[in-house]
Each structure stands twice: as structure tokens, then as C-alpha cells.
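Please work through each task before reading its solution.

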Amino acid sequence: MQSKHTQEDSPSKAKSSVRQAKSQLEDWTLDSFQVPEEEGKLRFHDLDLPDAVMQGIQAQGYQYCSPIQALTLPQSLQGMDITGKAQTGSGKTAAFLISIITDFLDFPIQGPRRLGTPRALIVAPTRELVMQIASDADQLTQFTDIRVRQLVGGMDFEVQQRQLQKGHVDILVATPGRLLDFCRRGHANLREVEVLVLDEADRMLSMGFIPDVRAIIRQTPNKQDRQTLLFSATFSEQILRLAEQWTFEPVHIEIEAENLAAETVEQRFLSVSSFDKYRVLLNSLKDGSIERAIVFANRRHVTRELTERLQRDGIASALLSGEVAQQKRVKTLERFRTGETPVMVATDVAGRGIHVEGVSHVFNYDLPEELEDYVHRIGRTGRAGASGVAISFASEDDAFLLPDLEALLGKPITCEPVPEKLLEG
Ligand code: AMP
């Protein structure tokens with residue numbers, strides 16, 4: 001298939017002769033960004049990206065494409081639709097962003113633009129994820145004129161509206177509900193969307209957003225006339241069906257959870273009675289080897305009680321759950337990032353937005369009821385090639401989930417007894 005973004009398709013867009021001239025670029029040349037060729041690795045240099053994108057990539061400290069990027073970019077840069085099985089931590093965000101930014105630099109729109117009509121729309125299930133994607137986009141576009149805006153629920157509607165009305169928008173990142181609100185009130189118009197990204201489709205499904213996502217997609221051009229990139233950590237029957245409806249002759253790309261987990265995350269399972277769980281967690285957290293840890297539990301009230309107990313027992317910890325106000329969540333995440341609060345207790349939904357480097361440990365205080373969440377949870381550590389440890393407590397209440405988890409991971413799980421020293425006190 002030919003690129004959907006050829007000049008013939010888009011008469012209003014002329015291929016830029018200079019691959020982006022922004023003032024910051026004047027002193028910068030690709031010579032200052034040397035990355036040696038390495039067997040089996042794709043360099044961003046091998047993709048013929050515009051200098052402004054290369055400069056952004058260099059500023060991010062990336063050298064080689066991650067596996068998902070190496071598989072996605074050559075296809076997405078051709079304008080192909082993609083369905084990608086990739087977890088958080090795989091580098092999928094940069095994969096779709098680099099593709100979008102390159103496309104927009106290569107095919108700039110000449111002339112005035114209507115307000116609130118993005119060229120790329122990225123839909124993601126949670127506020128945290130949207131904020132993370134928008135922040136990555138800000139970083140990667142910093143040497144270009146490309147404008148990034150975000151729309152998320154739980155934050156001031158009017159502030160976001162003013163942001164959107166200030167000038168045109170190129171890349172809009174949004175949660176489904178808030179975006180629909182903006183569309184209904186006429187503040188956003190999706191008719192000109194050239195690239196649609198649906199991120200974490202499985203989460204959108206389990207969070208009940210599919211009707212909203214459908215309503216959004218209906219407002220974008222037909223699938224033959226847009227590029228659609230759909231990412232999901234798992235591809236159930238239902239996700240496959242949705243992907244089929246929403247994409248046009250897609251290339252399917254897969255990075256196995258196993259590869260990701262096996263390479264960078266050590267997964268341990270402890271047989272712990274529910275009576276001993278708290279003690280084992282507390283003693284584990286007191287261990288000096290833990291730099292930064294996220295503790296996942298299934299229920300909000302459990303996360304709240306755990307945080308309070310840990311604080312009483314002298315562990316600097318913070319709560320990240322849906323019951324924490326958005327503004328406070330942002331501050332909590334910042335303190336986690338800086339190391340001021342090295343332990344965060346989170347529910348799955350809230351924990352999805354935690355994109356922090358240097359998380360040394362993930363604890364599954366409960367095994368997740370939705371097994372796909374296991375992959376998402378452990379993906380919080382071992383990010384970008386760093387090593388991490390995931391410790392899951394299997395108690396009499398949830399050990400029945402282990403066989404299904406084994407099937408998902410495609411390998412046997414061995415439950416260790418709790419080391420004596422973790423039961424002391
Ligand atoms: P994501 O899966 O998009 O959440 O990305 C996971 C992390 O990997 C982020 O912190 C990115 O900044 C980082 N990352 C993405 N691509 C690369 C790359 N090619 N090299 C090194 N780090 C990367």
C-alpha cells in the first residue's frame with residue numbers, strides 16, 4: 001500500500017524542501033549525534049528522519065530504536081495502519097510520536113488553520129497516560145513548530161478550552177469523555193484528523209470507554225482516509241474485532257510480554273497467607289535495596305489502609321487511587337519521581353499513569369483480577385532496559401489465578417515460601 005500522505009492525496013500540503021528550519025536548528029547538525037552501528041539494532045539514523053526530530057531524540061537520550069520502534073517506524077512512516085501488541089515500557093509512545101512528527105514536518109500545511117482541528121488525535125484511557133504522552137510529545141517536538149495540546153477530565157474545562165482556542169493544534173492528546181465534551185460543544189473538530197492513535201485499547205475496553213471511542217472515531221475521516229495506529233497490551237477476541245473495524249489493511253506488530261519481562265524484570269511469587277501479607281510487605285520495604293517501589297492492590301480501600309499503615313510504621317509512602325484529587329495526584333507523582341516519597345500504593349487504574357524511571361520494585365499485594373493488569377503492573381519497573389523486580393503475593397484468596405497467569409506468560413510459575421526474616425517482628 002502507498003503512503004496515505006502523499007502529496008497527491010493532500011494538495012494543500014507541500015513537501016517541505018528544507019527539513020525543518022527552526023531557529024534552534026541553525027547551530028545543530030546531525031554530526032553532533034553519533035551513534036555507532038550495532039549488529040541487530042536499528043538506529044534512528046537509519047530511518048531518514050528530519051533533523052528537528054533527530055535533535056529531539058538526542059535530547060531524550062535515545063540511541064537505538066527499541067524493538068517496538070524498530071518494527072513500527074519503518075511501516076508507520078510509510079503511512080501504513082498498525083495494530084501493535086506492546087506493553088507500557090516498550091517505547092511505543094515514542095514510536096507513534098516520532099512517526100506523526102516526521103509526517104507533519106515532511107508535509108506541512110500551508111495557509112491558515114481552523115482552531116480546534118487537530119491533524120493527529122491520540123486517545124488514551126487515563127488522565128495520567130494522556131499527560132505522559134503529551135509531555136513526551138512536548139519533548140520530542142521541542143525543536144519544531146508542531147503544537148501539542150491535551151484534554152483530560154478532572155481538570156479545569158475552561159483552562160483547556162482557552163489553551164485550545166489560543167491557536168491551531170497539530171497533535172491533540174485526550175481521554176475519551178473530555179474529548180467528546182469538547183466535540184459536542186463545538187470546541188474540537190475531528191474532520192481533519194490524518195493520524196488517529198488508540199493507545200491501550202484493552203484498557204479502554206475494560207474501563208467501558210468503547211462507546212465513547214466509537215463516537216469519537218465516527219467524527220474522524222473514514223479509515224481509508226486516515227492512518228490508524230492501535231496499541232494494546234493484549235489482543236483478546238474483542239480487541240481483534242475492534243481493531244478490524246477501525247484499521248485499514250493493518251500491519252500487525254507484536255512484542256511478546258515474555259521478552260519484555262524476561263529481559264528486564266525478575267518476577268517472583270511468594271506464598272503468603274493473607275494474615276502475614278502486611279508484615280511481609282513492611283519488612284520487604286525496610287530492606288535497603290529498594291530504591292523506589294510501587295505497591296499494587298485491587299481495591300481502593302485496601303490501598304488507603306495500606307498507605308496509612310505504612311506511614312504509621314515509618315515508610316514514606318503515598319496513595320495514588322481514583323479517590324485522590326487530580327491536582328494532588330500530580331504532586332504525589334512528582335514526589336515519587338524525585339524520591340521524596342519512595343513508595344507509592346496504587347490501584348490499577350491510577351497506577352497506569354506512573355511513568356517513572358528507576359522503579360526498582362513492584363509489589364502485587366493482591367494478584368490482579370484482570371490478568372492483563374499483571375503485565376501492565378510489572379511494566380512499571382524494568383523500564384527502558386533497566387532491571388527491576390516484581391514480587392507478587394499469592395495468598396489463599398487469590399492463588400487460584402496462578403494457572404491462568406501461567407498461561408498468559410507462557411511459562412510455569414514457582415511460588416516461593418516467604419523467607420523467615422520477612423515474617424519477623
Ligand atoms: P513507553 O513504553 O512509551 O511508556 O516508554 C517507556 C520508556 O522508555 C520511556 O521512559 C521512554 O522515554 C523510554 N524510551 C522510549 N524509547 C526509547 C529508546 N529508543 N531508547 C531509550 N529509551 C526509550
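Two exercises with worked solutions follow.

The model is predicted, so that local features need pLDDT of at least 70 and side-chain atom pairs count only at pLDDT 80 or more, while totals for chains, interfaces and linings use all residues. Residues are numbered from 1 along each chain as its sequence is written, and side-chain values use heavy atoms, with hydrogens and water left out.

**Exercise 1.** Describe the packing of helix H11 and helix H12.

Solution. Step 1: H11 spans residues 277–286 and H12 residues 300–312; their axes are 11 Å apart and form an angle of about 50°. Axes are lines fitted to C-alpha atoms, for helices over the stretch in contact, and angles run from 0 to 180 degrees between N-to-C directions.

Step 1: H11 and H12 are therefore oblique to each other (under 35 degrees is roughly parallel, over 145 roughly antiparallel, 65 to 115 roughly perpendicular, the rest oblique).

Step 2: Tyr278, Leu281, Leu282 and Leu285 of H11 meet Leu306, Arg309 and Leu310 of H12, where contact means heavy atoms within 4.5 Å. These residues divide into 6 nonpolar, no polar and 1 charged.

Methods. Helix = DSSP H or I, 4+ residues; strand = E, 2+ residues; numbered from the N terminus. Nonpolar A, V, L, I, M, F, W, Y, C, P; charged D, E, K, R; others polar.
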